[in-house]
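Open the model in your viewer and keep the selection tool at hand. The tour goes stop by stop: what to select, then what is there.

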Amino acid sequence: MLEGFGRFCELLYRTILGAVRPPYDLKALRDQVVRVGVDSVPVVFLTTLFTGAVMALQTFNGFARFHAEAYVGSVVAISMLRELSPVLSGLMVTGRAGSAMAAELGTMRVTEQIDALVSLATDPVQYLFVPRVLAGIIVLPMLVVLGNAMGIGGGYLVAVKILGANPVIYMDNTFQYLRMNDLWSGLIKAAFFGGLLSLIGCQRGFDTEGGAEGVGRSTTTAVVIVSLAILVSDFFLTKVLF
Amino acid sequence: MGAADVTAVPAVRLTGVSKAFGGKNVLSGLDLEVPVGTSLVVLGKSGVGKSVLLKHVIGLLKPDSGRVEVGGVDIWSVSARERDQIRRRFGMSFQEGALFDSMTVGENISFPLRRHTRMSVAQVRDRVAECLELVRLPGIEAKGPSELSGGMRRRVGFARAIALKPEILLFDEPTTGLDPINTDALVRVIQKLRESLRPTAITITHDLKVAFQVADRVALLEAGRIRIDLPPADFEASDDPRVVAFVQGDSAMDEETAPLEVSG
Ligand SMILES: Nc1ncnc2c1ncn2[C@@H]1O[C@H](COP(=O)(O)OP(=O)(O)OP(=O)(O)O)[C@@H](O)[C@H]1O
Ligand SMILES: [Mg+2]
């Protein structure tokens, strides 16, 4: 556990060094942004849409008990922006892109492609980690903006089409209590999760041992570790970002 | 052979190199010197640590103890960036090719050119074509590694290793699994390279014919050390039992791996 954290810090340091030092590989960065984005848009779309919808159903059900139905829109919006959209997007992208990174780098390790990179005087951390980690940091906030819209949209559909809320009042209500800070704190979380899931995904792949079986192991442990790391760090980030 | 004589600094020198994996010693106090411009062939039984030895030379593995020097510089006493500078002098072909499977054959071979030189696109294209020509695979630039056979992958890996015209060449079983004609073609490439660029070369092979064709010296790796290191003619003529067993491919003469020997 402690050893794993030490390794994480070492690779974080090498990734930061690799990001600031030339050569800057913008083509690789663009490829990774497209890959992570394209991989993840459909799952984030569906997850946040249905989560927004369920949020509306559940809060309506609960709030009706003390005649607070009018606040359903606010609660859905605040929960999505601050919490659900970043965390769920982070978990979904981990399942799609984080695991793919672990599998890709793991395969490169066991087939000696990483050795080949080193033999060609190329720092594998700079070459492989930097574009992936930057792509995670860039793409996740964009996905979260999409997720926010989907979540609010899902809530709106349920409230207006199923529960019979007044569309104008519901929309008013949604934005009435929102602050800029709700959006920003969610986006900062998203960027953090994006970097975290890419870095751990890459690290698990990079440190793969033991052939094809090892690649499978790396992929699953990457998903488990990142999911835990997201949920734990989410608490502390929320505390810091209020 | 004075210490001040620059030409006496070997291209590669390993001193007392030991390496264990999970408690199992693979290299134990190995010494090796490869003078500039010479070609060494390393022979040894499968699993004895030949690939591990080669990976130590280029710093892919770090010895548990001992020194690895390239051009007189201890590669583990310098920074990672300086180590990368030293690695630019190498070209290495891997036992299984180790081609980047996210890239085409052409991109694989041009990788070191694009990364480490300022060659124009046209120059890179020509050099890639030239290297593929050398390994008798012309015109396959656009193919992906997964479309190639094992032997083809190995030859593309060889082409990638020589693309930058490196000073020091490391070939890990370049001809294993190739048909006799392609083996001969690859041997000719190595011989031609040696005549034109005079690189230092370390080649691992199981093929004695290849060994005698490309070597200035033939070495036998056994039990973690270089046991025999002779010019090809002397190696072939040697009556050392380990060499005789190896040259004749006789497992019964090789005490360690003679499980079939039933007589006490
Ligand atoms: N990264 C590693 N981790 C653990 N053990 C290793 C590693 N690399 C090599 N070994 C072990 O070191 C020993 C020597 O391996 P090596 O690949 O150098 O053999 P070789 O002489 O090249 O054999 P071959 O002729 O079959 O290629 C083997 O027992 C192998 O299991
Ligand atoms: Mg080997």
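What percentage of the 242 residues in chain A is buried? Buried residues make up 49% of them. Here buried means under 20% relative accessible area, exposed means over 50%, and partly exposed lies in between, with a 1.4 Å probe and protein chains only.

Two notes before you click. This is a predicted model, where local features need pLDDT of at least 70, side-chain atom pairs count only at pLDDT 80 or more, and totals for chains, interfaces and linings use all residues. Residues are numbered from 1 along each chain as its sequence is written, chains are lettered from A and ligands numbered from 1 in the order in which they are written, and side-chain values use heavy atoms, leaving out hydrogens and water.

**Stop 1: chain A as a whole**

Chain A has eight helices and zero strands. From the N terminus on, its elements run α-α-α-α-α-α-α-α. Helices (H or I, at least four residues) and strands (E, at least two) are DSSP runs, numbered from the N terminus. The C-alpha trace of chain A spans about 70 × 35 × 30 Å along its principal axes. Now think about contacts, meaning heavy atoms within 4.5 Å. Among those in chain A between residues at least 6 apart in sequence, 84% join residues at least 24 apart.

**Stop 2: helix H1 of chain A**

Select residues 2–20 of chain A. This is helix H1, with 19 residues. From its first C-alpha to its last it reaches 27 Å, close to the 27 Å expected at 1.5 Å a residue. The expected span is 1.5 Å times one less than the number of residues.

Which residues of H1(A) are buried? Pick out Phe8(A), Leu11(A), Thr15(A) and Gly18(A). They cover an arc of only 90° around the axis, which puts them on the same side of H1(A). That arc is taken from the directions from the helix axis to the C-beta atoms. Turn to the other side of H1(A): Leu2(A), Phe5(A), Tyr13(A) and Val20(A) are exposed there.

**Stop 3: ring pairs**

Show the aromatic side chains. A search of the whole structure finds eleven aromatic pairs over all chains. Rings of Phe, Tyr and Trp (its six-membered ring) pair if their centres lie within 6.5 Å; planes under 30 degrees apart count as stacked, over 60 as edge-to-face and the rest as tilted.

Zoom in on Phe5(A) and Phe8(A). Their ring centres are 6.2 Å apart and their planes at 20°, so the pair is stacked. Both lie in helix H1 of chain A, three residues apart, about one turn of the helix. Phe5(A) is exposed at 53% relative accessibility, while Phe8(A) is buried at 16%.

Now select Tyr127(A) and Phe111(B). This pair is edge-to-face, 5.4 Å centre to centre with 85° between the planes. Tyr127(A) lies in helix H5 of chain A and Phe111(B) in helix H3 (residues 105–116) of chain B, so the pair joins two chains. Phe111(B) is buried, at 3% relative accessibility.

**Stop 4: charges over rings**

The charged end of Arg160(B) sits over the ring of Phe100(B), 4.6 Å from its centre. For this, NZ of Lys or CZ of Arg must be within 6 Å of the ring centre and within 35 degrees of the ring normal. Then go to Phe206(A). The charged end of Arg109(A) sits over that ring, 4.7 Å from its centre.

**Stop 5: the magnesium ion**

Select ligand 2. What coordinates this magnesium ion? Ser51(B) (OG) and Gln95(B) (OE1) do, at 1.9 to 2.3 Å. Donors are N, O and S atoms within 2.8 Å of the metal (3.2 Å for Na, K and Ca); water is not among the atoms, so sites may look incomplete. Ser51(B) is partly exposed at 21% relative accessibility, and Gln95(B) is partly exposed at 23%.

**Stop 6: backbone details**

Select Pro22(A) and Pro23(A). A cis peptide bond joins them, with omega about 0°. Pro23(A) is in the loop between H1 and helix H2 (26–63) of chain A.

Finish at Ala121(A). Its phi is positive, about 55°, although it is not a glycine. Ala121(A) is in the loop between helix H4 (113–119) and H5 of chain A.
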